[in-house]
Amino acid sequence: MTARQTVRLTVAQALVRFLAAQYTERDGARQRLIAATWGIFGHGNVAGIGQALVEDAALMPFHQGRNEQAMVHAAVGYARQSNRLSAHAVTTSIGPGATNLVTGAALATINHLPVLLLPGDTFATRPADPVLQQLEVPYAGEVSVNDCLRPVSKYFDRIGRPEALVPAALAAMRVLADPVETGAVTLALPQDVQAEAYDWPEEFFAERVWRIRRPRPDTAELDAAVREIRAARRPLIVAGGGVKYSGAQDALRVLAERTRIPVATTQAGKGVLPYDHPAETGGIGHTGSSTANALARTSDLIIGVGTRYTDFTTASGTLFPDGTRFLNLNIAGFDAHKQGALPLVADAREGLTALTEALGDHRQDMVQWIFAKAHWEEQVDAAYAVPDEEARPTQAQVLGVLDTLVDGSDILINAAGSLPGDLHKLWRTRSSDQYHVEYGYSCMGYEIPAALGVLLAAPGRPVWALVGDGTYLMNPTEIVTAVQERLPLRLVILQNHGYASIGGLSEAVGAERYGTDYRHRDAEGAFTGAPLPVDLGANAASLGMRVLRPRTVRDLREALADARAATVPTCVYVETETPDTVSGPPPAQAWWDVPVAETSTRPSAVKAREEYDRHVTARRRHL
């Protein structure tokens, strides 16, 4: 019998070499599962993972971050642009570095996007108790701050001994490569164990391919789905992000063209059909189009494809009428059964292809939405219109000007504020991956770091991070990373001196915009004087960006064109005008449930509660 071959390495060295040998494969295309590692080093990971990354720098590309949460956002941006087939790892020290991962981990898991988290941990051997940054829990000696990551991770393990890395690493890869289970995966690494040597079997470092499965629909479920569609008079497809991750855009287009069933899109699904495709009716739900929402309100069958049915999509349960039936095609059984639906559990591409074949010559009448869609496009034109080129632009006009400059290669990134609503309603998507709006967690501060991840996944393409002033102040740090790595980030900062989105919501629910503006207040809380003398453009410049400052719409056209052609990180800093004298975006096309104070002495809150009670009576549960 031949002796088993081993390699003596530290735990951290073994982990880096293992990760460098992991691949995914789908439809014959193969790529690295963990393509790079982001890191910020402290005493909890510098001598372990840090040393290992130096030792094997040729095997594992490294990106230096400035904020731990931002590093996770960058990794998520990369994974999304890679259609979840490739991911990044993120390493931090124990302490604040580890707890700063929690928000990014929640975002990744909620959006079903893979990211591998490698936080340092306190000593497994407990040579001193407590050590620096140790959380002391009297009832559980093994708890550390990393346990905060358990509820936001799809898989969590703490590597207390070297040999435990083997099963934990394999389990981590399985989850990252699973289209149903993927999300944040955490391997907590005690700092003493990271540096401990062990004799590893050579097989642990052999190339391993994780094949991304495409489950086909069950025959009985498919037959039932076909009967349901054939019986429907007014079906509507609601397409979500699962269509993109499956690469099912062509399959959806073929189904829509052959059956003439209209398609509405969620925030994650926007772009699965180009905006000018005859079957594309626009966004659905609270931030959607009047065309899609009118169809939803009269549909007798909703065909959900790769969607989770969030409250924005369903208008908090008020959009779809009583008696509406649901058919859900989803790779996750959990989502396929939502809304009391008839489930069709399958990969989106395989399921759509099977439906198209089984439906044969089945057709619907397209006339019902053609004219409504044309009317909606007129509203978009009105919001984009510029009556005066020398005026300061509104937010909608900024989008309109950008719309005239981009093509299908441009990618737009946004996550929070008023922009997601404006983009969902107004943006004319030209390619399936142009629209990158993170609305599962809607995390302020996501856009800039996510744009770096997208730039790494799609080199050579123009990538735009669109942010308001509130979001910018949350997380501008990765501008420095863009400068360091020469990533040509295009950043557009829309300065409206406050939280415009939540300010409008505050007013609507009777909270009177309290605490939402950047202005001085008197002792009673009333706004006084002009906006604060804050210059975010100067801040971006101080971090190394080239900054353009358009004053008028005419200036804006030149600045955006300049930024699009730039080869260095470039910021367009725009003071926006409120749309008082020109057409702004159409108002919300459906309700959103934000509970209002049931009792109040303030007239604004009393009035808001009356409006809330009127809407809430339309809420339904579809069983």
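## Strand E7 and its partners

In this predicted model, Ala89 has Leu116 of strand E7 as its bridge partner. The pairing between strand E6 (residues 87–92) and E7 is parallel and runs over four bridges. E7 also pairs with strand E9 (residues 184–190), again in the parallel sense, over five bridges. There, Gly120 has Leu189 of E9 as its bridge partner. Strands of a sheet pair through backbone hydrogen bonds, either parallel or antiparallel.

How many of the seven residues of strand E7 are buried? Seven of the seven are, in a strand that covers residues 115–121. In a regular strand the side chains alternate between the two faces of the sheet. In E7, one side holds Val115, Leu117, Pro119 and Asp121, and the other holds Leu116, Leu118 and Gly120.

## The nonpolar cores

The largest nonpolar core has 49 residues. Val90, Leu117, Tyr472, Leu489 and Leu491 are the ones that touch the most other members. Helix H18 (residues 447–457) gives the most to this core, contributing six residues. Another core lies apart from it and has 39 residues, including Leu85, Tyr155, Leu176 and Ile212.

Leu117 can be followed in more detail. Not counting residues up to four places away in sequence, Leu117 touches Val72, Val90, Leu101, Ala105, Leu149, Ala184, Val185, Thr186 and Leu187.

## Asp147 in a loop

Asp147 is in the loop between E7 and strand E8 (155–158). Is Asp147 buried or exposed? Its relative accessibility is 17%, so Asp147 counts as buried; the cut-off for buried is under 20%.

The side chain of Asp147 makes a polar contact of 2.6 Å with that of Arg150. A polar contact of 2.8 Å joins the side chain of Asp147 to that of Arg158. Leaving aside neighbours within four places in sequence, Asp147 is in contact with Glu142, Phe156 and Arg158. Ala98 is 49 residues from Asp147 along the chain, and the C-alpha atoms of these two residues are separated by 9.8 Å.

## A sheet of six strands

Six strands form an open sheet in the order E19-E18-E20-E21-E25-E24, with parallel pairing. Strand E19 (435–437) and strand E24 (546–548) stand at the edges. Each has a single partner strand, so one side of each is left without a neighbour in the sheet. From one strand to the next, the twist averages 20°.

Within this sheet, strand E18 (residues 411–414) runs parallel to strand E20 (residues 463–468), and three bridges join them. Ile413 has Ala465 of E20 as its bridge partner. Helix H23 (residues 553–565) packs on the sheet, where it touches E20, strand E21 (490–495), E24 and strand E25 (570–575). The direction of H23 makes about 160° with that of E25.

## Helix H8

Helix H8 (residues 219–231) has 13 residues, which at 1.5 Å a residue should span 18 Å. At the start of H8, a side-chain oxygen of Asp218 reaches to within 3.0 Å of the backbone nitrogen of Ala220.

Which residues of H8 are buried? They are Leu222, Ala224, Ala225, Val226, Glu228 and Ile229. Strand E15 (301–305), strand E16 (325–330), strand E17 (342–345) and helix H14 (348–359) are among the elements that cover the buried residues of H8.

Methods: Residues are numbered from 1 along each chain as its sequence is written. This is a predicted model: local features need pLDDT of at least 70, side-chain atom pairs count only at pLDDT 80 or more; totals for chains, interfaces and linings use all residues. Side-chain values use heavy atoms; hydrogens and water are left out. A nonpolar core is a set of buried Ala, Val, Leu, Ile, Met, Phe, Trp, Tyr and Cys residues joined through side-chain atoms within 4.5 Å. Buried means under 20% relative accessible area, exposed over 50%, partly exposed in between (1.4 Å probe, protein chains only). Helices (H or I, at least four residues) and strands (E, at least two) are DSSP runs, numbered from the N terminus. Contact means heavy atoms within 4.5 Å. Two strands pair if DSSP finds at least two bridges between them. A polar contact is a pair of N or O atoms within 3.5 Å; within protein, one must be able to donate a hydrogen and the other to accept it, and residues adjacent in sequence count only if both atoms are side-chain atoms. Axes are lines fitted to C-alpha atoms, for helices over the stretch in contact, and angles run from 0 to 180 degrees between N-to-C directions. The expected span of a helix is 1.5 Å times one less than its number of residues.
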